[in-house]
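Work through the exercises below with the model in view. Each task is followed by a solution in steps.

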Amino acid sequence: MWDYSDKVKEHFFQPRNAGVLADANGVGDVGSISCGDALRLMLKVEPETDIILDAHFQTFGCGSAIASSSALTEMIKGKTLDEALKVSNQDIADYLDGLPPEKMHCSVMGREALQAAVANYRGEVWADDHEEGALVCKCFAIDAVLIEDTIRANNLSSVQDVTNYTKAGGGCSSCHEGIEEILAKVMTERGESFKPGAAPKEEVSASGMTNLQRIRKIEAVLESVRPQLRRDGGDIELVDVDGKTIYVNMTGACAGCQMEALTLQGIQQKLMEELKEFIKIVPTKVSSLTRAMKG
Amino acid sequence: MTGIYFDNNATTRVDPAVVEAMLPYFTEQFGNPSSMHSFGNKVGLAIKKARMQVQELLGAEFDSEIIFTSCGTESDSTALISALKAQPERKEIITTTVEHPAILTLCTWLEKDGYKVHYLKVDGKGRLDLEEYKKLLSDQVAVVSVMWANNETGTFFPVVEMAELAHAAGAMFHTDAVQAVGKVPLNLKDTKIDMLSVSGHKLHAPKGIGVLYLKRGVRFRPLLRGGHQERGRRAGTENTTSIVGLGKAAEMAMEAMTYENTEVARLRDKLEVGILSKVPRSFVTGNPEDRLPNTSNIAFEFIEGEAILLLLNKFGIAASSGSACTSGSLEPSHVMRAMGIPYTAAHGTVRFSLSRYSTEAEVDRVIQVVPEIIAQLRKLSPYWEGDGPAAEPEKAFAPTYA
C-alpha cells in the first residue's frame, strides 16, 4: 500500500472539478497509456484577461494521478495563464503534502497537461521533451533514463560518478547493482568495459571532498547536534545539499520554535568549521523525498 | 481485522488451529532438533510428522522427498540452480513468459552468466502451445520450469504432460506450484515431475516457510551448504514452529480439498457472474475453463486498477490489480501483456481470490459494491462518455507520448 498523505486521499475520494468542461477553449491530453497514467485538462480562459475562469479534468490513472489532477485544477483557477504556468510539479506535490517517490511522475504529468492546454489555447503546438524510465534510486527518486543519459553525456564509468552527478545511489545503496547494469550497458556501447574496481574520477568540491564525502560529513555534524535537540523534544534531518545550500527539516519541538533561527545559526557555524567552506543552511517544511526532486 | 479479504493468492490467514499447533514449539518445545538431549528429540519427532503431512498433501512417494525451505522463492532458486550445477554440459532453460518473478528474475540473471532461456508464449486465454515447447526440447536443456497455476488468472498449465515430454528429452522438470498446492489434488508419485515448489503462506500456514519437493534419485546440488539439516540438502537450523504449522495446514488442506473445489468454486463463479452481469465492458482474463477454483481475474476497461483498489479498500474489500501503479513499475502486469490484453484493459484488471473462509454474504456485498465503484471511476475517465465508452475510445483520447 502506498503511503499517501491525507490530502492525497481526500482529493482522490472527493476529486474537485472532475468531468467534461463543455465550453473549454484550451485542452491538453498528456500521459502514457502503457504506463497507465493519462490526463485530459480542460480550461475555460477569458480571452480579454487570460484569466482561467474554470478548469476540469478527466484521468485514466491511479489514486495519485486523480489527486494530482484535482489539485492542479484547484490551484490554477482564477490565475492568468502566465501565473498558472509558474505552477511547478513540486508545487502540485507540495499542495498535496507530498507524493511517494514512485508517484512524483503524476505531478509531472499535471504540469505537462497544463503546458499542453495553454499551448492548445494559444494555438501553439506543445512538444513533449520528457522521457521517463523505471525508478532506480528510491532514496532520491532518480530513474533509469536520467542515469543513462547522464552517464552518456559525461562519460561516467563508476557508481560513485553516477552518485556525484545525479545523487542516485547516494542513499541506502540498494540500487548499486542496477546502476552498475546501466553503466555496463552504456560503457559497452562506447567500446569500454565496466570495471567495478576501477578508481572513480572524483569530482572534488571546494572543500576537497567528493559530494558523497561531503554529505557524509554534513550528516555527521547533524548527528553530533542531534542529542541536544532531542533533549528539547525536537530533531533535525538533512533534506538536500545543493551546492553551498544545505536544506534541513526541523521537526518536533524544533519546528517553528522561537529559537529555531539561533539553533540553525549555531549548526551552520559548526558545518562551516567542519567543511572548511562557506555554506548556507535553509530550513524547509516539506519531506525529504519530495524536496529532493527539486534538485 | 474485519473486512472482506478476497486476496488469498497474495497470502492467506493462518488458521487458528495451525497457530495452536505451533505455539508449544516456541516455548516448551524450543529445542534444536539436532541436539542429543530430549529437548531436541521431541522437536525432531514433530518435524517428522509435519514432513509426512506434507508428503500426503503432495502425494509424494517418500517423506524424504520433502525439503523444508524458507519460502517459495528459495525453493524456485534452489531447484533451477541445482539443475544447472548438476548438469554443467546443458546450458538451456525453458520457462514461460507468465511465470512469477521468483522464476523470471532468476532467469534474467542466469542469462547474464551465459545460459540460454526460452520463454514460452501464451495465447489470449493464457494457454501454452505444446508444439512450440516440443520443438525447444533438446539435449541442451537442463531444466524446464513451468508454473502449475498462474497466480494472476489461476489458469492451469499441463505440467504433468509437460514433465513427461521433458523426461523424454532427458531434461529435468520443475514446477512452481505455490498457487496450486492445497487447492488441487496432487499425486506426484505418479508423475515425472522432478521438483516442485510450495509456499506455506498460500495455504493458511505462516509466512517464511516453504517446501522443495525433490523426487528420489533426481541429481541435486544444494544451494545453502553447511549443517546436515534436511539430509544436507538445505543447511540451516530448521524453522521448527513454522514447519509444524505447515504440517498442520497441509493436513487441513487435505480435509478441505473437496470443499475448495465445490463450494469455493461456486462462490467464485457467483461473484464473477454477478459482477460481469452488472458491469458493462468487463471481461474475465485467463482461461475460465481450466483454472484454480478460487480465482477470478476481471478486466474493467477504461479505468485504472489502483484507483479501483483504493475505493474497494474504502468499503473494506481487499483485492489485487495488474496495473503498473500498484507495483510502482512502468508497465502493467506481464501476464496481461503476454495474453495481449490491451493497455486500456490491462491496467484495469482486478484479481479476486477467495478461500475456504469466504462467505456467501461477502460475495453478495462485493457484487453490490463493485458496479458502483466502476461507474464512479469511469465518470472520471477520458475514454468514457455518459453511460458507455466514447464512440472510438482510442481516437477520443490519444495523449502525447502514448
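Predicted model: local features only at pLDDT ≥ 70, side-chain atom pairs only at ≥ 80, totals over all residues.

**Exercise 1.** Describe how helix 9 of chain A packs against helix 10 of chain A.

Solution. Begin with the geometry: helix 9 (residues 211-231) and helix 10 (residues 260-275) of chain A have axes 10 Å apart, at an angle of about 140°. The two helices of chain A, helix 9 and helix 10, are therefore oblique to each other. Their crossing is right-handed. Next, list the residues in contact: helix 9 of chain A supplies A:Arg214, A:Lys217, A:Ile218, A:Val221 and A:Val225, and helix 10 of chain A supplies A:Ile267, A:Lys270, A:Leu271, A:Glu274 and A:Leu275. Sorted by class, this contact has six nonpolar, no polar and four charged residues.

**Exercise 2.** At what angle do helix 6 and helix 7 of chain A cross, and which residues meet?

Solution. The axes of helix 6 (residues 144-154) and helix 7 (residues 159-166) of chain A cross at roughly 105° and come within 10 Å. Angles of 65 to 115 degrees count as roughly perpendicular, so helix 6 of chain A is roughly perpendicular to helix 7 of chain A. From helix 6 of chain A, A:Leu146, A:Ile147, A:Thr150, A:Ile151 and A:Asn154 meet A:Val162, A:Tyr165 and A:Thr166 of helix 7 of chain A.

**Exercise 3.** Which helix of chain B gives the most residues to the side that touches chain A?

Solution. In the contact, 29 residues of chain B face 27 residues of chain A. Two or more residues come from each of helix 8 (305-314), helix 9 (324-327) and helix 11 (343-346) of chain B. Helix 8 of chain B gives the most, with four residues. The side of chain B that touches chain A has 17 nonpolar, seven polar and five charged residues.

Notes: Residues numbered from 1 in each chain as written. Chains lettered and ligands numbered in written order. Axes fitted to C-alpha atoms, helices over the stretch in contact; angles between N-to-C directions. Parallel < 35°, antiparallel > 145°, perpendicular 65-115°, else oblique. Left-handed = near helix turned anticlockwise from the far one by under 90°. Contact = placed C-beta atoms within 7 Å. Nonpolar A, V, L, I, M, F, W, Y, C, P; charged D, E, K, R; others polar.
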